Amino acid sequence: MSRIGKLPIVLPAGVSVNVSDDNVVTVKGKLGELKQQIDDSVSLKVENNELIIERKSDEKEHRSKHGLYRSLINNMVKGVSEGFQTVQEMVGVGYRAEAKGQILELAVGFSHGVFFELPQEIKVETVTERGKNPIIKMSSIDKQLLGQVAAKIRSLRKPEPYKGKGIKFQNEVLRRKAGKTAGKGK
């Protein structure tokens, strides 16, 4: 059995899971509602406030989807009950970030400002303190969408290995390079 797939998902108070006839899982909680189409190779059942995912057979394809759908549904349950958050830091002289509704305005060393439109499901907040790097905080109930948007923002100016300038995740460890050394000998 899949080690991840056989783990039950504990449903917190206030979270409900429904499966429609066309295999669409709907998870509702205090923060919102998420839907996910699932394959018919897995089935769901609720017992004692736990959601158990079972597969139909031991075929290779069914075994691979068992853990996948368990992880997707677990992320949906966690999202509607707690939510997800990413924090990105902008390292560089003159780098700025400003949130205007669902539009994130970034100054990341180009001759022009970069305007990034965020989906409605994501809430953004920017923090700028004197003497510290600007910070972008994003939160959402959809883990996949949040990660995709954070990766897209990071790709606008990836951290470079010599000085570390760019947009990086907070607490991300970057591999640094030494660079040139002057006056090596004759």
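Two strands count as paired if DSSP finds at least two bridges between them, and the elements on this tour are DSSP runs numbered from the N terminus: helices (H or I, at least four residues) and strands (E, at least two). The model is predicted, so local features need pLDDT of at least 70 and side-chain atom pairs count only at pLDDT 80 or more, while totals for chains, interfaces and linings use all residues. Residues are numbered from 1 along each chain as its sequence is written, and side-chain values use heavy atoms, leaving out hydrogens and water.

Select β5 and β6 (residues 50-55): they run antiparallel, joined by 6 bridges. Within this pair, E47 has E50 in β6 as its bridge partner. Now click on N48 in the hairpin, where 2 residues lie between the strands; N48 takes a positive phi near 50 degrees.

**Stop two: the four-stranded sheet**

Select β11, β12, β7 and β13, an open antiparallel sheet of 4 strands in the order β11-β12-β7-β13. Here β11 (123-127) and β13 (166-169) stand at the edges with a single partner strand each, so one side of each lacks a neighbour in the sheet. From one strand to the next, the twist averages 25 degrees. Zoom in on β7 (residues 84-91) and β12 (residues 135-140), an antiparallel pair with 6 bridges; Q88 stands opposite I136 in β12. Bring in α2, which packs on the sheet, touches β7, β12 and β13, and makes about 5 degrees with the direction of β7.

**Last stop: a charge over a ring**

Finally, display R157 and F110. R157 lies over the face of F110, 4.5 Å from the ring centre; the rule asks for NZ of Lys or CZ of Arg within 6 Å of the ring centre and within 35 degrees of the ring normal.

Terms used. Axes fitted to C-alpha atoms, helices over the stretch in contact; angles between N-to-C directions. Contact = heavy atoms within 4.5 Å.
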